[in-house]
Amino acid sequence: MSRPLVAEISLAALRHNLSVVRRCAPASRAFAVIKANGYGHGMLRVAAALKEADGFAVLSLSEAQQLREAGFEQPILMLEGFFSADELPQIAKLGVAVVVHAPWQVAAINSAPVTGVNVFLKINTGMNRLGFPPHEVADACRALRLGGRLDRCVLMTHFATADDERGIADQLAQFASATDGVRGEHCMANSAAILRYPQAHADWVRPGIMLYGASPFADQTAAALDLRPVMTLKSKLIAVQSVSAGEAVGYGRTFVAEQAMTVGIVACGYADGYPRHAGTGTPVLVEGQRTRLLGRVSMDMLAVDLTPVPLAGVGSTVVLWGEGLPVEEVAAAAGTISYELLTALAARVPVRELP
Ligand SMILES: *Cc1c(COP(=O)(O)O)cnc(C)c1O
């Protein structure tokens, strides 16, 4: 038998989660966000499963190129725009829409040998990461229109706190005043805003994490939002240890048994993408039963408490996250978010597609 670790990817769950986007934002078109290798699920695999999406959002020109080469003809949006003017001819040739977030990009488009460019003009409404300040928006749009290279200009922003109780009111008001009197469609909502703020849906939405079946909210589970986990990271016990009271487990001997106990050794470690900073107590499923991680995660293995699963043995099934154990819970126990765990899945982990 080969190493039992596998990432199962449910294509049915992907399609279901897109239907949740449709149900939440029925009047908007949706760019399925498939940057970072489809949040770790495989960019082309996700694009194929979500071919009913209205478009795809990626980071770089090389991802857009891969999609076109694989035959996808849908609109594609480059979320960070172009990084240098020499990308523009290829962008125009592939018919890829680009975020424009800074004046140098306006100048670059207006002096490039291109036509029919689709621009998503990014407005900084309070995230202070990328975008034009509200008072420069009308001028930037005018300059782009006068340049004569555009097919269209969509007005866009990104929310900093759509996932918590602070919400989007401030940024929405900034966006409304920045775009007042400026022609063009609007594109604002990430998953959190799609799920909670219909007033931000507008013409185009940009769902990412919800497509992969994780909740963007700390106070609401994916199941409560009718989202289904797409990735289940599964392995098996490859050894069982009987440990006496006072004995330790793993590197650094950080976990010491208080009484005699059985410990299972799982074929999965930080080189597979499991977070090394997950500590004792992080939830794990063994034979469907919840138990806990013990001690430090090694490169290729980790240890679990078999006290709640006395019948478990070598070969028992282990779920690290996914079906039955939300990735958000594991992430929270490791002091991070689901996005980081999913995108960190290592290339060495074999993937099994479930239809
Ligand atoms: C990644 C990204 C998204 C998707 O965000 P989720 O929280 O995963 O839904 C949307 N918009 C932009 C600009 C992004 O970079």
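## Ligand site

An oxygen atom of the ligand lies 2.9 Å from a polar backbone atom of G208, a polar contact (a pair of N or O atoms within 3.5 Å; within protein, one must be able to donate a hydrogen and the other to accept it, and residues adjacent in sequence count only if both atoms are side-chain atoms). The ligand alone exposes 390 Å², and the protein buries 91% of that; accessible areas come from the Shrake-Rupley method with a 1.4 Å probe. The model is predicted: local features need pLDDT of at least 70, side-chain atom pairs count only at pLDDT 80 or more, and totals for chains, interfaces and linings use all residues. Residues are numbered from 1 along each chain as its sequence is written, and side-chain values use heavy atoms, with hydrogens and water left out.

A polar side-chain atom of S191 is 2.5 Å from one oxygen atom of the ligand, and an N or O atom in the side chain of Y339 is 2.7 Å from an oxygen atom of the ligand. The residues around the ligand, each with a heavy atom within 4 Å of it, include K35, H158, S191, R206, G208 and Y339. By class, this shell has six nonpolar, four polar and two charged residues. Ala, Val, Leu, Ile, Met, Phe, Trp, Tyr, Cys and Pro count as nonpolar, Asp, Glu, Lys and Arg as charged, and the others, Gly among them, as polar.

## Pocket and cavity

The second largest pocket holds about 160 Å³ of space. Among its lining residues are M1, R3, K234, T317 and R352. Strand β10 (residues 231-243) gives the largest share of the lining, three residues; strands are DSSP runs of E with at least two residues, numbered from the N terminus.

On a 1 Å grid over the protein atoms alone, a pocket is an open set of points with protein on both sides within 12 Å along at least five of seven lines, a cavity is a set where a 1.4 Å probe fits but cannot get out, and lining residues have an atom within 4 Å of a point. The largest cavity has a volume of about 30 Å³, and its lining includes K122, R129 and H158. H158 is also one of the residues around the ligand.

## Salt bridges

The whole structure has 15 salt bridges (a side-chain nitrogen of Lys or Arg within 4 Å of a carboxyl oxygen of Asp or Glu). In one of them, the side chains of R3 and D272 meet at 2.9 Å, N to O. R3 lies in the segment before β1 (6-10) and D272 in the loop between β13 (261-266) and β14 (283-286), so the pair ties together parts 269 residues apart in sequence.

Technical notes:
Grid points are joined across faces, edges and corners, and a volume is the space filled by probe spheres set on the points. Helices (H or I, at least four residues) and strands (E, at least two) are DSSP runs, numbered from the N terminus.
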